[in-house]
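Trainee: I am new to this structure. Could you take me through the reasoning behind its labels?
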Number of protein chains: 6
Amino acid sequence: MKIISIYPGTFDPITNGHLDIIERAAEIFSEVIIAVAQNSTKNPLFTDEERLELIRASVKHLKNIRVDCFEGLLVAYAKKKKASVVVRGLRAVSDFEYEFQMALTNRKLAGKLTTVFLMPHEKYTYLSSSLVREIAQHGGDVSGFVPAIVLKKLKKKFKR
Amino acid sequence: MKIISIYPGTFDPITNGHLDIIERAAEIFSEVIIAVAQNSTKNPLFTDEERLELIRASVKHLKNIRVDCFEGLLVAYAKKKKASVVVRGLRAVSDFEYEFQMALTNRKLAGKLTTVFLMPHEKYTYLSSSLVREIAQHGGDVSGFVPAIVLKKLKKKFKR
Amino acid sequence: MKIISIYPGTFDPITNGHLDIIERAAEIFSEVIIAVAQNSTKNPLFTDEERLELIRASVKHLKNIRVDCFEGLLVAYAKKKKASVVVRGLRAVSDFEYEFQMALTNRKLAGKLTTVFLMPHEKYTYLSSSLVREIAQHGGDVSGFVPAIVLKKLKKKFKR
Amino acid sequence: MKIISIYPGTFDPITNGHLDIIERAAEIFSEVIIAVAQNSTKNPLFTDEERLELIRASVKHLKNIRVDCFEGLLVAYAKKKKASVVVRGLRAVSDFEYEFQMALTNRKLAGKLTTVFLMPHEKYTYLSSSLVREIAQHGGDVSGFVPAIVLKKLKKKFKR
Amino acid sequence: MKIISIYPGTFDPITNGHLDIIERAAEIFSEVIIAVAQNSTKNPLFTDEERLELIRASVKHLKNIRVDCFEGLLVAYAKKKKASVVVRGLRAVSDFEYEFQMALTNRKLAGKLTTVFLMPHEKYTYLSSSLVREIAQHGGDVSGFVPAIVLKKLKKKFKR
Amino acid sequence: MKIISIYPGTFDPITNGHLDIIERAAEIFSEVIIAVAQNSTKNPLFTDEERLELIRASVKHLKNIRVDCFEGLLVAYAKKKKASVVVRGLRAVSDFEYEFQMALTNRKLAGKLTTVFLMPHEKYTYLSSSLVREIAQHGGDVSGFVPAIVLKKLKKKFKR
């Protein structure tokens, strides 16, 4: 049974929480396409290219992963990629409703596309890219939150 | 890639919401084991045998389904069945926290077991077996909530 | 425009929070039927008759109120009473989901019946009959939580 | 009993979820004033005039509706219109707290004004104007989410 | 400044999550009274005496702790003990509303008593005594969830 | 036992809800530092200086209070001030998750720093600085929401 799944997101930057979800997804689906939403934020910390590069460097140890970017509706992109599953991480109640809105909408727009929610390890429950950016910007230690390559890049960005 | 998944529950009785989750799971996993938790409720409306029978009758149209029952810890049962995925339906915020507790606990007890949450169709958002039992008991119409075979059985139970 | 509304509940006993909802409902609907659900709890503190009596005594100052009791499905009772509105108080997120389940179910069972949610005064946000029973049982002061007549009756019940 | 109600909102644009609430409100209150909050968003998709026009065209089949716009505090507008009820749709937990803050505040600012929450049909649970705008902008199909007249206008806006 | 705090609960049995809260409280308040609510559950796994003993053994390394039991209203017990703070752990949204109800009620019943919420370490977010009991009963491994002394006692209880 | 606590925030402007938390904190901790986050909002209504001044005027009746401002990470500021407690108000579920993210992050960044949540009086449950600004801007009456000195300043700002 070959199931192609998509894990869409902004990944500005990729965190250990994302990585945890990706590793789980890679174990249960034949292929996982990490899909960076282009131009989805007004003032991203990292450019689309940097984000793709950081993801690629962080998932090198995994085999059934592709890293890509997309624009427009996720359902259209999924169709093009022949994907039947969308993977999303669910961390907290506040995620819940936004994610459900998206999942229901995608179900309406593309009945064959199933959204699958995975739960990150508890130690990443409250971790988010925006939190990482905020702490790094103020010189705080984010080494427990992101892959080594991202840590290095963040230090460079916020070097004083 | 062969992925065996388990969809555990009480199913007292199986509803259209359960069926919706099962159909979705059957499309993305090689096999779905519907596992009825034995002796999990004090005064069930249907016996374990009746529940198994109603489920079997309701999923006849699906191929990669097995119907079974289990006792004790889900992680132990999953190991025995070589399952790597637990499927759960997420309907509302109140489900969310109980489900997360279970998922995190199972992750701790069996690191290789991944819990996957699926979202039922919006029309089943607030549907539950207990709601079905309550309405049927008072003579209300549950034909939109359960498979035909369950409806028939419910009418028999509550015949006056 | 004549709109008959029903405010169903267990009212074991009626609290100032209930009263606040009733007074609001009485101002915007032609008639409010306070409908005590019979036999809805296993070990009620007050009998159905006592609850009806306490409600009647507490709403004497309002004109367009009827106090009644019902059994079975609310939608059937509403039809019999030609009511087109069900009034419910919404206090907290935990109420929210149960109430929505009920409202959606009733809408399905009786399309013409509209559930209307009112918000009690903030000072009653976390007030419930079960809280009142628990505090009164341990000799705590519930004078700010219930009408005077209920306070008197509670003292009698828990007299030592 | 004559009860004038106000259904305030941004309506950028009006959706089938709004319409469902309006139809319910029109059945239980003598008059429903749909009140478009002027200048409430920085970059609206539709101008105030367009929004009013789209609402008017969508509610033509209802009799006891007025369409208007307002600026400033809702409580002041309600007083001017002799309205005693504010109608709000409650879809999800995330709505809940914002709506309660508003309802409690309005209650404090104008004790006589009662906020009444209605629940849209489950199929509109996660529908919002911003979702409609986002999907339409990317060329997705929103025909199930908005009245025909809005659909036409959206296609015109996003014509390529 | 001498501040006496009370940490009330059922503790059937004490878990590492409780212990984490106790250690935090012991650092910021002069004294922490761990107060076991007597007769609060119908069929406890451990008797009041066993629970007290397990707590005592688990907090031996801490100095400013007293272990006690109480019956009736917490506010009355707090007054007797000259405590001005009630300590509660907040784990998840479902805790939140119950805890707030209790905190607001206690504030009403005893204006001088302040409820202080502490957050357990994320690894205990979804840990509860009932979860521990359930897993232990089915022979699962709870060594990461409870102090060693509790683990030993649980094994004895559920020895086969 | 000397415990220094920090109550950080934007305070644009200080409300009666903040004041309620401050008074509670002042009763249970040796010292409370009210710490205004500098440059934390893009277009504040009041300058950092005005906010500090309004706070100072509002807490004159309390002894163990210091008013200060800080920039950067809270954990760094806390260390500098030898504070071991961060005080936060918890009003509603929506606060809950943000606050937990912050508390867990601070715990990770500074293991010795304990976040303590206090619950404001129920009458301030839905009160926030942004609500106050919005009502005041439209000429609404906020006298029940803020200290007299803030009311005066707000009237001046929005004088017509």
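Mentor: Start with a pair of residues in this predicted model. Phe29(E) is buried, and so is Phe29(F).

Trainee: What makes a residue such as Phe29(E) buried?

Mentor: The cut-off is under 20% relative accessible area. Phe29(E) and Phe29(F) are both classed as buried, so each falls under 20%.

Trainee: Why is the pair Phe29(E) and Phe29(F) called stacked?

Mentor: Rings pair if their centres lie within 6.5 Å, and planes under 30 degrees apart count as stacked. Here the centres are 5.9 Å apart and the planes stand at 20°, so the pair is stacked. The count over all chains comes to 15 aromatic pairs.

Trainee: How do you know that the pair joins two chains?

Mentor: Look at where the residues sit. Phe29(E) is in the loop between helix 1 and strand 2 of chain E, and Phe29(F) is in the loop between helix 1 and strand 2 of chain F, so two chains are joined.

Trainee: What is the order of the strands in the open sheet?

Mentor: There are 10 strands, ordered 3(E)-2(E)-1(E)-4(E)-5(E)-5(F)-4(F)-1(F)-2(F)-3(F), and the pairing is mixed.

Trainee: What makes strand 3 of chain E and strand 3 of chain F edge strands?

Mentor: Each has a single partner strand, so one side of each has no neighbour in the sheet. Neighbouring strands are turned by 30° against each other on average, direction ignored.

Trainee: How do you know that strand 4 and strand 5 of chain E pair?

Mentor: Pairing needs at least two bridges. Strand 4 (residues 85-89) and strand 5 (residues 114-118) of chain E have 5 bridges, in the parallel sense. Arg88(E) stands opposite Phe117(E).

Technical notes. Residues numbered from 1 in each chain as written. Chains lettered and ligands numbered in written order. Predicted model: local features only at pLDDT ≥ 70, side-chain atom pairs only at ≥ 80, totals over all residues. Heavy atoms only, no water. Helix = DSSP H or I, 4+ residues; strand = E, 2+ residues; numbered from the N terminus. Axes fitted to C-alpha atoms, helices over the stretch in contact; angles between N-to-C directions. Phe/Tyr/Trp six-rings, centres within 6.5 Å; stacked < 30°, edge-to-face > 60°. Buried < 20%, exposed > 50% of the residue type's maximum accessible area, 1.4 Å probe, protein only.
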